[in-house]
Amino acid sequence: WYTHKKQSGGSGQYAKIAIVIEPNPGKGFEFVDEIRQASIPKEFIPSIIKGVESSMRTGIKANYPVVDTKVRLFDGATHPVDSSGFAFEIAGKAAFKEASSECQPIILEPMMSVEIVTPEDYEAAIQGDIQSRRGIVDNVGNRINLKVLDCKVPLANMFSYIADLRALSKGRATFCMEFSCYDPMPDSLAEELIGKKK
């Protein structure tokens with residue numbers, strides 16, 4: 001439960017909501033209104049969503065936005081005079097921040113699908129280099145007299161890769177990459193990143 005209450009002379013601000021936050025892997029943000037018996041009028045629901053989305057954009061760990069989250073609104077209360085859309089927006093923002101502090105959020109990092117085409121002579125060196133970048137070689141195939149390595153590598157470790165690949169293969173290997181997904185960042189790197197953001 002979160003209650004936003006402010007009184008300053010004239011009409012005040014009042015909004016009370018109860019939300020649950022759940023993971024929503026790969027499905028983005030989803031807001032589910034489970035209010036029964038109209039404890040919160042329908043016209044305030046968009047304000048709650050706006051507040052929650054605002055809090056998600058500013059993040060809960062190292063100020064990175066929150067993704068793949070389901071928020072269920074299951075109860076609330078209003079005041080006949082002091083409740084407003086603005087009050088419910090503030091309540092949505094603060095309720096998400098408060099509830100998310102009780103979760104165990106993780107930092108995700110972008111992973112790239114990388115295809116490397118190389119003469120066989122350089123395959124071992126290139127695989128070793130990919131592993132040193134925290135990458136995984138998913139498959140090794142053949143294309144005419146060349147080896148094709150399908151890999152998944154964190155984007156953060158792919159900067160300057162073209163120069164390194166040229167050096168490893170004497171300029172004979174090529175690669176292409178595209179975004180694959182977001183994966184959890186290793187705890188040690190996440191803690192280092194959080195330390196830099198403080």
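A salt bridge is taken here as a side-chain nitrogen of Lys or Arg within 4 Å of a carboxyl oxygen of Asp or Glu. By this criterion the structure, which is a predicted model, holds 9 salt bridges.

One of these joins the side chains of Arg72 and Glu22, with an N to O distance of 2.7 Å. The two residues lie in distant parts of the chain, 50 residues apart: Arg72 belongs to strand β4 (residues 69-77) and Glu22 to strand β2 (residues 13-23). Glu22 is partly exposed, its relative accessible area being 24%. A second salt bridge is formed by Glu115 and Arg143, at 3.3 Å from N to O. Here too the pair links distant parts of the chain, Glu115 in strand β5 and Arg143 in strand β6, with a separation of 28 residues. Glu115 has a relative accessibility of 24% and therefore counts as partly exposed; Arg143, at 39%, also falls in the partly exposed class. A further salt bridge connects Arg133 with Asp129, whose closest N and O atoms are 2.8 Å apart. Both partners are assigned as buried because the limit for that class is under 20% relative accessible area: Arg133 has 9% and Asp129 has 15%. Salt bridges with shared partners also join Glu22, Glu34 and Arg72 into one network.

Strands β5 and β6 also take part in an open sheet of 4 strands, arranged in the order β6-β7-β5-β8 with antiparallel pairing. From one strand to the next, the twist averages 20°. Within the sheet, β5 (residues 108-119) and β7 (residues 146-154) are paired in the antiparallel sense over 9 bridges. Glu115, the salt-bridge partner of Arg143, stands opposite Asp150 in β7.

Helix α3 (residues 123-132) lies across β5, β6 and β7, and runs at about 5° to β7. Helix α4 (residues 161-169) packs on the sheet, where it touches β5 and β8; the direction of α4 makes about 130° with that of β8.

The buried residues of α4 are Tyr161, Leu165 and Ser169. These residues lie on the same side of α4, because they cover an arc of only 50° around the axis. Elements covering the buried residues of α4 include β5, α3 and β8. On the other side of the helix, Arg166 and Ala167 are exposed. The residue that follows α4 is Lys170, which has a positive phi, near 55°.

Cys176 is in no disulfide, and the nearest cysteine sulfur, which belongs to Cys151, is 11 Å away. The cut-off for a disulfide is a pair of cysteine sulfur atoms within 2.5 Å. The relative accessibility of Cys176 is 42%, so this residue counts as partly exposed. Cys103 is likewise partly exposed, with a relative accessible area of 32%.

Notes:
Residues are numbered from 1 along each chain as its sequence is written. This is a predicted model: local features need pLDDT of at least 70, side-chain atom pairs count only at pLDDT 80 or more; totals for chains, interfaces and linings use all residues. Side-chain values use heavy atoms; hydrogens and water are left out. Two strands pair if DSSP finds at least two bridges between them. Axes are lines fitted to C-alpha atoms, for helices over the stretch in contact, and angles run from 0 to 180 degrees between N-to-C directions. Contact means heavy atoms within 4.5 Å. Buried means under 20% relative accessible area, exposed over 50%, partly exposed in between (1.4 Å probe, protein chains only). The arc is that of the directions from the helix axis to the C-beta atoms.
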